[in-house]
Amino acid sequence: MDSTNKTDILSGVEVQTARPPLHIYLFNVLITFFHDLGKSVCEILGDLLNAFLLFVGHFLGFIWVKTEKFREYAGGKLKYFGLYVFSPFLKFGTAFITMRRETKAANREHGMKGALPVFFGHLAAFIFGKRGGGAVTTAFNYVIPVISVIFLVNLISYASDIQYAVRLEVNGTFVGYIENEQIYTEAEKIFEQRVNFLGSTIMAEFNPRFTIEKLGYSSMLSASQVTNILLQQSGIVVEYAYGIIINGSFIGAVRDNTSILHTRDALLSAHRTGAEDEVVEFAVSFEAEQGDLYPVESIIEPQAIIRSITRIEEEAQFYTVSEGDSHYTISEMLDVSVAQLERFNPGFTEQTLLPGDRIKFSPEIPYLSVAVTRTEIFDQEIPYATEYRDDASYFITTQNTTVRGQNGIDRITARVTLVNGVEARRTVTSRDAVSRPVNEVISIGTRPLPNAGISGETAVAGKFIWPVPPQHKISEYHWTDGGYWGHSGIDIGAPYGTPIYAGDSGTVVFSGWNSGYGNTVVIEHPNSGLRTWYAHASALNVVEGQEVSQGETIAWVGATGRADGNHLHFEVREGTSIHNPRFYLDIE
């Protein structure tokens, strides 16, 4: 049949494209998926990069222009990173497309028999070869670093769990593993305490051998466990019991520790007050709950141990109050603070002391001392400071307190530890100011003294010598002149026993004790009609009616009567009138 006939025959026939085999169809779907995925990821990365750069450009302006080269460099690196990460997927997509195209061509030309070799060839190249980048090789490139990191982490973890220990053999017999040789040394000491408790000298010979080994996850023996093994190997008759160890010393073992524990709790409860944060404990360690192996000879009755731990080592001491004793004098004499006496004798500071009263000043010392730690809140005075200020309203050499000082108060919170009632430690935890101290202000006079001689302000003409050498501290005649209210003379400071001279000649009209003036001499001076007073003397040298001359010693300086210190109180009077003595003295 020629070509014309073939055309005529097929001209009316509808030609349908043959459907590819199922496996070809599936590969086509996978190829399309990975191709579209790689393309989408690259597009997303590009869009994100562009959006980020645009955002930076809007907000950074000037910096954007100045960092153009850096942006180009960073953008290139990001693109390179994206291509580096997703290039295998793009290569896989390209390989699938090539495989599909060549498989279809082989199928059209040679049928299924020709298509299968092409397909499997591409598949092998895709998995193992270079054409598709090598799926296996690529997977290893991605997975092996992760696996390496995981392996390294596990290796470090395993290495950190490996511990070295001492392998202990005693008399050729393997005992176990211990942390170090010190454990065995402690075990030997415990062994000696247990077997020689009652003074016996049980001898046991042990030949230890130590070897360093990697222990892994095995457990190690404690000193107590090693001691139990030594007791078993020694041939001594042992029994399970509870050891009583106080301050590291073994004092005996009991089969039943119930009564021991009750006694321990009762000793502690006797010191509890119920304070919220109170801690009550023995001042030394007390162990009675650990059960172990003990020689039968060291096991005793619980009552024997109770008698031992409840005994009093030193009795309390008391002071018997005598006539004239006060809280302060008792504290000074016993060298015990009033606060401590209050702890020993509740209500001591409020108590009226009577002769014969017994005051506890030293506590009893038990075998087991008890330490009590609790919070105390108390007020503490803060001393005020003293300020000195110049004041022209007072004469020079005059000092006057214009502001009385007041101590401040701090509220202290402290943790206080008492051992047998005696304070052993105090730690301040907080300090709050209740009131601030008020500084005392003392004014120093700067006002010049009047000229020497008689002032025009004096009521009567007259002139006296200084009864004692003028000192630096002189209180004025009246409070307006730097003295104090009601002051009718001047106070001249001088050491105790300084001679007091008669200001002028005259007759002693009084010599003796005059109430708040103390030892006093009054001299009448007929030539001026004035009287001079000399008060607070330590001793008198004249008698009433005696004639004295100017400058004669009539007494000696003291602090009798109402006086705060050694000084002479000097007055000038005319009948019932009182004059300022300064105007009758030579003042330089």
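**Helix packing**

Modeller: Helices H6 and H7 cross in a right-handed sense, where right-handed means that the near helix is turned clockwise from the far one by less than a right angle and left-handed means anticlockwise. Helices here are DSSP runs (H or I, at least four residues), strands likewise (E, at least two), and both are numbered from the N terminus. This is a predicted model, in which local features need pLDDT of at least 70 and side-chain atom pairs count only at pLDDT 80 or more, while totals for chains, interfaces and linings use all residues. Residues are numbered from 1 along each chain as its sequence is written, and side-chain values use heavy atoms, with hydrogens and water left out.

Colleague: At what angle do H6 and H7 pack, and how far apart are their axes?

Modeller: H6 (residues 181-195) and H7 (residues 223-234) pack at about 55 degrees with their axes 8 Å apart, the axes being lines fitted to C-alpha atoms over the stretch in contact and the angles running from 0 to 180 degrees between N-to-C directions. That makes H6 oblique to H7, since angles under 35 degrees count as roughly parallel, over 145 as roughly antiparallel, 65 to 115 as roughly perpendicular and the rest as oblique.

Colleague: Which residues of H6 and H7 meet?

Modeller: Among them are Ile 183, Ala 187 and Phe 191 in H6, and Val 226, Leu 230 and Leu 231 in H7, with contact meaning heavy atoms within 4.5 Å.

Colleague: Switching over, how do H8 and H9 pack?

Modeller: H8 (residues 258-269) and H9 (residues 302-309) pack at about 20 degrees, with axes 9 Å apart, which makes H8 roughly parallel to H9. On the H8 side the contact is made by Ser 259, Ile 260, Thr 263 and Leu 267, and on the H9 side by Pro 302, Ile 305, Ile 306 and Ile 309.

Colleague: And H10, which of its residues are buried?

Modeller: Ile 330, Ser 331 and Leu 334 are buried in H10 (residues 327-334), where buried means under 20% relative accessible area, exposed over 50% and partly exposed in between (1.4 Å probe, protein chains only). Seen down the axis of H10, these buried residues fall within an arc of 100 degrees, so they line one face of the helix; the arc is that of the directions from the helix axis to the C-beta atoms.

Colleague: What do the buried residues of H10 pack against?

Modeller: They pack against strand S10 (317-320), helix H11 (338-344) and strand S11 (358-362), while the face of H10 turned away from its buried side carries the exposed residues Tyr 328 and Glu 332.
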